[in-house]
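Hi,

Here is the structure you were after. Have a look at it first, and my notes follow below.

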Amino acid sequence: MQAHELIPFLDLTTLGTTDSADDVRALAKRAMQPVAGDPAIHCAALCTWPNFAAVATEALDGSPVVLACVAAAFPCSQAPLEVKTREIELAVAAGAKEIDIAIPRGLLLSGDLVSLRAELEAMKSACGAAHLKVILETCDLGDADTIRTACQVALEAGADFLKTSTGMGKHGATPDHARILFEAAREWHANTGQVIGVKPAGGIRTYADALVYHELASSHLPEVTPSTFRLGASSLLDDLLSQA
């Protein structure tokens with residue numbers, strides 16, 4: 001796979017503490033046409049904060065690039081559930097088509113799977129027609145069995161995508177952790193017929209890194225399209241363009 005062929009799988013992301021409306025507009029322009037002179041190539045999504053959803057929606061108007069917003073007290077998920085669901089609702093009302101939320105890891109690690117599932121179900125309901133991408137923050141979960149449990153609870157609660165990382169934890173995606181998510185998606189599809197997406201994110205900076213995850217997707221998912229596979233990246237695009 002050539003470097004430019006990976007661009008349509010990118011969620012081009014800006015989640016900085018100093019982001020402004022102008023930053024979001026500039027990133028939207030780049031997401032819509034990352035390759036100068038070739039309007040046929042575009043990123044899958046622009047991902048930003050909920051307070052910029054309206055700005056991003058206007059900037060992306062008429063474009064195939066989807067608006068994704070992080071929400072629900074991202075990245076720590078430490079807030080009352082009512083706050084989390086309301087933030088999701090506001091982002092969707094302002095135009096977000098995808099919502100990226102991080103699970104409350106404390107509930108999982110303390111063994112309170114009932115409360116975890118209930119929170120995720122409430123957040124899925126708040127999404128309405130928008131897709132829910134559930135971030136497990138695998139760097140916090142410790143071992144493979146715990147990551148598998150997190151995948152199962154997220155899928156049972158209605159996740160449309162499983163995502164490895166916020167990009168703000170101890171580390172981002174690793175091939176070993178991502179493989180567990182791909183395996184969970186493959187098993188879910190085999191058991192239910194539902195195709196689940198997987199999004200490795202965090203620390204994926206080079207063409208070589210991206211190829212590893214695309215190969216995992218190809219070997220586990222029934223189809224590899226922007227509807228089933230994403231790469232969370234803020235700097236990867238630069239390397240893909242330099243390779244091209």
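Before the first residue, a word on terms: contact here means heavy atoms within 4.5 Å. This is a predicted model, so local features need pLDDT of at least 70 and side-chain atom pairs count only at pLDDT 80 or more, while totals for chains, interfaces and linings use all residues. Residues are numbered from 1 along each chain as its sequence is written, and side-chain values use heavy atoms, with hydrogens and water left out.

Helices (H or I, at least four residues) and strands (E, at least two) are DSSP runs, numbered from the N terminus. Is Asp11 buried or exposed? Its relative accessibility is 0%, so Asp11 counts as buried. The cut-offs are under 20% relative accessible area for buried, over 50% for exposed, and partly exposed in between (1.4 Å probe, protein chains only). Setting aside neighbours within four places in sequence, the contacts of Asp11 include Ala44, Glu98, Lys133, Lys199 and Arg230.

One of those contacts is also a salt bridge: the side chains of Asp11 and Lys133 meet at 2.8 Å, N to O. This pair links distant parts of the chain, with Asp11 in strand 1 and Lys133 in strand 5 (residues 131-135), 122 residues apart. Lys133 is buried too, because its relative accessibility is 0%. For the record, a salt bridge is a side-chain nitrogen of Lys or Arg within 4 Å of a carboxyl oxygen of Asp or Glu. Asp11 and Lys133 also belong to a network of salt bridges that links them with Glu98, Asp100, Lys163, Lys199 and Arg230. Across the whole structure, the search finds 18 salt bridges.

**Asp140, with two bridges**

Arg105 forms a salt bridge with Asp140, and their closest N and O atoms are 3.2 Å apart. Here Arg105 is in helix 4 (residues 105-109) and Asp140 in the loop between strand 5 and helix 6 (144-156), 35 residues apart. Arg105 is at 11% relative accessibility and therefore buried, whereas Asp140, at 26%, counts as partly exposed.

Asp140 also meets Lys170 in a salt bridge between side chains (2.7 Å, N to O). Lys170 lies in the loop between strand 6 (161-163) and helix 7 (175-192), so this pair ties together parts that are 30 residues apart in sequence. Lys170 itself is exposed, at 63% relative accessibility.

**The sheet**

What is the order of the strands in the open sheet? The eight strands run 7-6-5-4-3-2-1-8, with parallel pairing. Strands count as paired if DSSP finds at least two bridges between them. Strand 7 (197-199) and strand 8 (231-233) are at the edges with a single partner strand each, so one side of each has no neighbour in the sheet. Within the sheet, strand 2 (residues 45-48) and strand 3 (residues 66-70) pair in the parallel sense over four bridges. Leu46 stands opposite Leu67 in strand 3.

**Cysteines**

How many disulfides does the structure hold? Zero, taking a disulfide as a pair of cysteine sulfur atoms within 2.5 Å. For Cys47, the nearest cysteine sulfur is that of Cys69, 7.0 Å away. Cys47 is buried, with a relative accessible area of 1%. Cys139 has its nearest cysteine sulfur in Cys76, 11 Å away, and Cys139 is buried as well, at 10%.

Cheers
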